[in-house]
Amino acid sequence: MLKGAIEYAPSTFEERGAAVAFTTPLLSQTRVRRGERSKLEVLIPSLSQGMGIYVVAWKSVPEMVSMTMHDRYLHDLIVREESCSPYEIRRATLKAARRGLAGPKAAQAARRALDEDEEQGTLTHYLLILSILKAVGLESPEMLKAGIDTDEGQRLTRQLMTRAAESLRMDATLLYARLADIAAVTAPVGLAHSPRPGRLTRGLNDLKGFRDGMMDWARDVPSDAAPVAEFCAEVAQHTIDIGEKVLGDFHRRIEAIGPLMRDWDDAFIRVRTQAARMAWLLDGWSHITGAWEVAQAEDHHQQAATVNDLFRILPLLPRRESSRDFVEDSKQVKMAHRRSVRMLEDWRTGQMDIDAIRRIEAVKARAP
Amino acid sequence: MTGPADGQGGGDRLPGLESRLFDIPEDKFIEVVRLLERVRDHPDVRQTFAAIRPRLVQVRPSRRPTLKRVLCMPFEDVLESFNGLDVPVGRIERRVIDPVWRLVTECGDRALIDQLDRQVQETAPGNLNALRNIGRRLWPMAAQAVRGAVGAAGEPDTGRQALWRVLQGDEEMRRQLLDVAAFLEIGLTIESLKDTLAPKPLAVLDDPHVDAIEQAAQAVARQSAGLVYYLLLVAASRMANPADLLTVLNDLDFGKARREQPAIFAQLSGLVVTNLEERSARLESKDGGKGAGTGPGAAAVAIAPEEAVAIAERLVASIDTTSAVMDVLADPVYRERLDAVKATVRSMVAGAVLDTAPAGILTAVPAPAANGRPAPVDEDAQAAAEDHARALRRCEGLAGALGLHEPLKDAMASMEKGLTARAQALLADYPKAAGDPDDAETAEMNLFYALRLLELVAGPAKADRLRTAIMAATGEFAEE
């Protein structure tokens, strides 16, 4: 059911909703949230290039828009998720892509991303064990030499962790349980001293590259999309500033792993909140940075169209997260750039634009 | 360097290098090219450069500037390409470069050439401004030298002798030498216009581009009205669809060449048509002269379906624009020539996209195996089939212009039927795999890939029936 276009300035991340990597051009990067009575809603920006946001009941979306097979499947998956935070949405998105419904390249990228998640989880777990042992003065060269994936290494690890638990005055089982909780929360962000940055830290770095790319493009390419690119760079910069603070705070808390284990109830909630905030902050950006990378191979006209496409789905920060009102600022830019937007497929006739879908799938193959 | 300078005996080391130069990383390739450039006049090295040209075109390392390269700058856009199907309008053949260089060095101002040569050697690669400053002095002198040698009467003996050696009765070469002289005469204006008409190929001709062409045409007309045509050749060659230039040509103010404007228009229009004919002739030669009706696979060997559609889209856009402009000239001969070009494009599309669709699309969906286990997923075959299906869909945009409505409709219907039948066969076989998790996953991937092909060919509404059937068979979203 279509509730009509509304002016939209969400207060919180949850109200803004999580971006969904649909492949139907009209739905690409639309946001999903739990609305009244926990019912799922999708927020579709500027239908037919108008202003405002349409709030559509989740179950009505397939009746309203001719969706790709990938999106029908993803739609069915998301409705089965209990929550719709970026984590759950990503899990569903990767599952849909792994099925091959966004093409073989996206399927391969999804499989790679899932493997990397698993490797990152194992690596983070291992590094956290080392941190705990270091915190209680039990660093063991023998254990490092044996490696954690050998029988001998695991025996030594268990032995040392039991002693670490005693030192922390807690049961070894509880120590392992807490370790698993911290590892699960930390893996997506990554540890400060990890040899491989976590997915969200990489996302923050990609965002810096995107900001630079937008600034360079606005300066070097004469186009009426230049002010739009400048605005994109400003939003990216603002997000980076907040992201770096959150990341710094998160790493400081994880570094102090001894106090974290001891003052568990409060400290863990804070760590988990910061990790979730990182995920929300970067939600929707991986598609944008990936789309800009894909556009590098195109001519300036196509790039201008991409800049305008990205403006439409820019993850503006909710009011409570930012001192600056980007929603208001974006209206000025919107008035200026209306002329050169790329037409989406005609949603009334349901005619699919296979080139637009292909562009979205190319981004998915790069940034699943 | 191995072997004698005639290149006969030294062929064992460099040819090996040539093949390796296609495999090494890009940065290493650029490094090797830089080293080879220092000895580029050696016959073996020249042969190596010729062999690795495809990669040079692709990587485009900033080459060490030479005076010969500076000489070519004003007409580089109209030089024929090394390969591919796109032919620049009013092209100059590459075989003309060496004779031009010989004429300039033999008949031109030797002292100036030596001086400029030294300057070029001190110029860093990529320093376009410095090279243009050298060109500013080189091009007018070179134009005069070429014209002097080719010109009919009163030329100095040295010119006549040099020309005799160069031409040896080759009239086509003589014509192109005169064209080169014209490009050289307006070298600076061409270089400045290139900056505006960038990057090449220019997809759309916007107002700033049209203004720049008009101003450049006026500047050239002040030099000589006859040179405006050459400036426009460069402009047309920088555009993705050269015929677009024709659409704005009559609205331009050529200044002192105003009176010549109709003649220039007719001359350029004729050239655009000839250019289309040349491009379609290349299609036929690439196609091996085979088109529709020669059976599956005949043309696809040469042209991939997506490439075929992209070429056809460009050509059809050019034909349409040219047809519209040619109505002004009301010349039936042009109409016939354009129709012939269209017929060539039609048979290329039919041969490369429609006839090959069964082999290109349907075979990606595996038949159920006799042993009851699902066939392994072949993602390369799937990707190729998806490209083919997209090409087929893109033909919808060409069908009207090329008269392909019926064959396309038939091909689409046959693909829809074939894919549905193959998917149903996989679906019927699915229960055999369902017991084993790995087999079930493989069988489901095959089903989802078949679903995707059906979606690409027939659209989501028709594919949705298969999706519902797959979900019912796998029970994935069954209500708990």
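Two residues are taken to be in contact if their C-beta atoms, placed from the backbone, lie within 7 Å. The views show a predicted model, in which local features need pLDDT of at least 70 and side-chain atom pairs count only at pLDDT 80 or more, while totals for chains, interfaces and linings use all residues. Residues are numbered from 1 along each chain as its sequence is written, and chains are lettered from A and ligands numbered from 1 in the order in which they are written.

View 1. Pro318(A) is placed in the loop between helix H14 (300-312) and helix H15 (326-337) of chain A, helices (H or I, at least four residues) and strands (E, at least two) being DSSP runs numbered from the N terminus. Although Pro10(A) and Pro318(A) are 308 residues apart along the chain, their C-alpha atoms are separated by 5.2 Å. Pro318(A) counts as partly exposed because it has 18 C-beta neighbours inside 10 Å; a residue is buried if 20 or more other C-beta atoms, placed from the backbone, lie within 10 Å of its own, exposed if 12 or fewer, and partly exposed in between.

**View 2. Helix H16 (residues 354-366) of chain A and its covering.** The 13 residues of H16(A) should span 18 Å at 1.5 Å a residue, which agrees with the 18 Å between its end C-alpha atoms; the expected span is 1.5 Å times one less than the number of residues. Its buried residues are Ile357(A), Arg359(A), Ile360(A), Glu361(A), Ala362(A), Val363(A), Lys364(A) and Ala365(A). What covers them includes helix H4 (86-98), helix H5 (104-135) and helix H13 (285-295) of chain A.

**View 3. Leu232(B) in helix H13 (residues 228-237) of chain B.** Leu232(B) counts as buried because it has 27 C-beta neighbours inside 10 Å. Apart from neighbours within four places in sequence, Leu232(B) is in contact with Leu245(B), Ile264(B) and Leu268(B).

**View 4. The side of domain 2 of chain B that touches domain 3 of chain B.** By an automatic or database domain assignment, chain B is divided into domain 1 (1-64), domain 2 (87-272), domain 3 (275-360) and domain 4 (362-389 + 403-474). Of domain 2 of chain B, 13 residues are in contact with 13 residues of domain 3 of chain B. Helix H14 (243-249) and helix H15 (261-286) of chain B each supply at least two residues of this side of domain 2.

**View 5. The side of chain B that touches chain A.** Here 23 residues of chain B are in contact with 19 residues of chain A. Two or more residues come from each of helix H19 (379-394), helix H22 (437-458) and helix H23 (460-474) of chain B, and H22(B) gives the most, with 7 residues. This side has 13 nonpolar, 2 polar and 8 charged residues, where Ala, Val, Leu, Ile, Met, Phe, Trp, Tyr, Cys and Pro count as nonpolar, Asp, Glu, Lys and Arg as charged, and the others, Gly among them, as polar.

**View 6. Val349(B) in the largest nonpolar core.** This core has 219 residues, and Val349(B) is one of those with the most contacts inside it; a nonpolar core is a set of buried Ala, Val, Leu, Ile, Met, Phe, Trp, Tyr and Cys residues joined through C-beta atoms within 7 Å. H22(B) gives the most to this core, with 12 residues.
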